[in-house]
Amino acid sequence: MRTRTLGSTGPRVSALGLGAMSMSGSYGEADRTESVATVHAALDAGVTLVDTGDFYGMGHNELLLAEALRGRDRDSYVLSVKFGMLSAPSPTFGGVDGRPAAVKNFLAHSLTRLGTDHIDIYRPARRDPDVPIEETVGAVKELIEAGYVRHLGLSEVDAETVRRAHAVHPVADLQIEYSLISRAVEAEVLPTLRELGIGLTAYGVLARGLISGHWSPHRAGRPGDHRAASPRFTAGNVEHNLALVEALRGVAEAKGCTVAQLVIAWVAAQGEDIVPLVGARTRERLAEALPALDVELTADDLAEIEKAVPPGSARGDRYPAVFMSTLGVGN
């Protein structure tokens, strides 16, 4: 497994990370036994970066990972945890809480659920508009100094917020959506990260499965799958977006790889400071994703990919309207 370093201050991790969100119901019911087996398969393949959020399944995901990681050498993997998103039993989005006292409370619960004495990278999932980012990351800094956290991360914030946070404590990486059809990060955020020596962990590299080469409109509307509410998956948009995928399929076939491998490789090719996160919840999907690291893209390949999917060519926002306002950058 190839490795990359998250910025100038962060840990060295596998060049491909595992995002665990889909194992806790966000895309419909997931098989727990298969989820645990997928985590094991990832670790056995050399994946060391595992990403979760304390709000994934309202703690379900952390408990699942605790089971999957039990018995593994704690130094053999890097845990990235997001915090701060609020919900209700319904569940409904209840906003963001970045108050220092809440940060420490969130961590106490995560440490218990995960069965560990420290988190490797701890990050607010979104910026709390009512709390200065300096106060939120200042609380994480105190947790780092106390030994409960190893590194500070950020998630879905703009370039100005990155600078303000980094002035309080060095930021290891920013986690943000980045894919062939979500490229807003390229304008200001990515140059700022590189100026400051901050890494990028890219989630949504397959656009929640939309550009994986496996999605079809008849899959929409399955119970518990929140993609039914995602603008890019709605009627009128999804057909256009899947036409882009078919254009990519020809490029992938010429390279002797799958569409999913091609789009993961594209993200990885954007810089050694970028680590794609793959949200595989089955061993089958993980096994498809791993060879993407061996797909070498030439300048001609990159040009063909850009021709098939030009920047801004996707239709629909990447999140429903209620969530778009919480993001540091757009589509």
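**Close-up 1. Arg208 and the ring of Tyr319.** In this predicted model, the charged end of Arg208 sits over the ring of Tyr319, 4.7 Å from the ring centre. Arg208 belongs to the loop between β9 and α7. With a relative accessibility of 12%, Arg208 counts as buried, because the cut-off for that label is under 20%. The backbone is worth a look too: phi of Arg208 is near 60°, a positive value in a residue other than glycine. For context, most residues other than glycine have a negative phi.

**Close-up 2. Arg227 over Tyr27.** Here is another arginine set over a tyrosine ring. Arg227 lies over the face of Tyr27, at 4.1 Å from the ring centre.

**Close-up 3. Tyr178 meets Trp266.** Seven aromatic pairs turn up in the model. In one of them, the ring centres of Tyr178 and Trp266 are 5.6 Å apart and the planes stand at 65°, so this pair is edge-to-face; the label applies to planes over 60 degrees apart. Tyr178 comes from the loop between β8 (171-177) and α6 (189-196), while Trp266 sits in helix α8, so the pair ties together parts that are 88 residues apart in sequence. How buried are the two partners, in relative accessible area? Tyr178 is buried at 1%, and Trp266 is buried at 1% as well.

**Close-up 4. Trp215 and Phe233 within one loop.** The rings of Trp215 and Phe233 have centres 4.9 Å apart and planes at 80°, so they too make an edge-to-face pair. Both Trp215 and Phe233 lie in the loop between β9 (199-203) and α7, so the pair ties together parts 18 residues apart in sequence. Trp215 is buried, with a relative accessible area of 8%, and Phe233 counts as buried at 7%.

**Close-up 5. Where α2 crosses α3.** Helix α2 (residues 60-69) packs on helix α3 (residues 100-114) at an angle of about 40°, and their axes are 7 Å apart. Which residues make the contact? From α2 they are Glu62, Leu63, Leu65 and Ala66, and from α3 they are Ser110, Arg113 and Leu114. Sorted by class, that gives four nonpolar, one polar and two charged residues.

**Close-up 6. Ser110 and its surroundings.** Zooming in on helix α3, we find Ser110, which is buried with a relative accessible area of 0%. Leaving out residues up to four places away in sequence, Ser110 touches Asp54, Glu62 and Val81. Phe83 is 27 residues from Ser110 along the chain, with 9.0 Å between their C-alpha atoms. Phe83 also forms one aromatic cluster with Phe106 and Tyr122.

**Close-up 7. Met58, on the way into α2.** Met58 lies in the loop between β4 (49-53) and α2. Although Met58 is not a glycine, its phi is positive, at about 55°.

**Close-up 8. Helix α7 from end to end.** The buried residues of α7 are Val238, Asn241, Leu242, Leu244, Val245, Leu248, Val251 and Ala252. An α-helix has 3.6 residues a turn, so residues three or four places apart point the same way. The buried residues of α7 pack against α8 (259-268) and α10 (299-308). Just past the end of α7, Gly256 takes a positive phi of about 75°.

**Close-up 9. Thr38 in helix α1.** Thr38 is part of helix α1 (residues 32-44) and counts as buried at 0% relative accessibility. Which residues does Thr38 contact, leaving aside neighbours within four places in sequence? They are Met23, Ala280, Arg281, Thr282, Arg283 and Leu286.

**Close-up 10. Ser182 and its contacts.** Ser182 is found in the loop between β8 and α6, and it is buried, with a relative accessible area of 1%. Not counting residues up to four places away in sequence, Ser182 touches Glu177, Arg232, Arg318 and Asn331. Ser313 is 131 residues from Ser182 in sequence, and the two are 9.6 Å apart in space, C-alpha to C-alpha.

Methods
Residues numbered from 1 in each chain as written. Predicted model: local features only at pLDDT ≥ 70, side-chain atom pairs only at ≥ 80, totals over all residues. Heavy atoms only, no water. Buried < 20%, exposed > 50% of the residue type's maximum accessible area, 1.4 Å probe, protein only. Helix = DSSP H or I, 4+ residues; strand = E, 2+ residues; numbered from the N terminus. Contact = heavy atoms within 4.5 Å. Axes fitted to C-alpha atoms, helices over the stretch in contact; angles between N-to-C directions. Nonpolar A, V, L, I, M, F, W, Y, C, P; charged D, E, K, R; others polar. Phe/Tyr/Trp six-rings, centres within 6.5 Å; stacked < 30°, edge-to-face > 60°. Lys NZ or Arg CZ within 6 Å of the ring centre and 35° of its normal.
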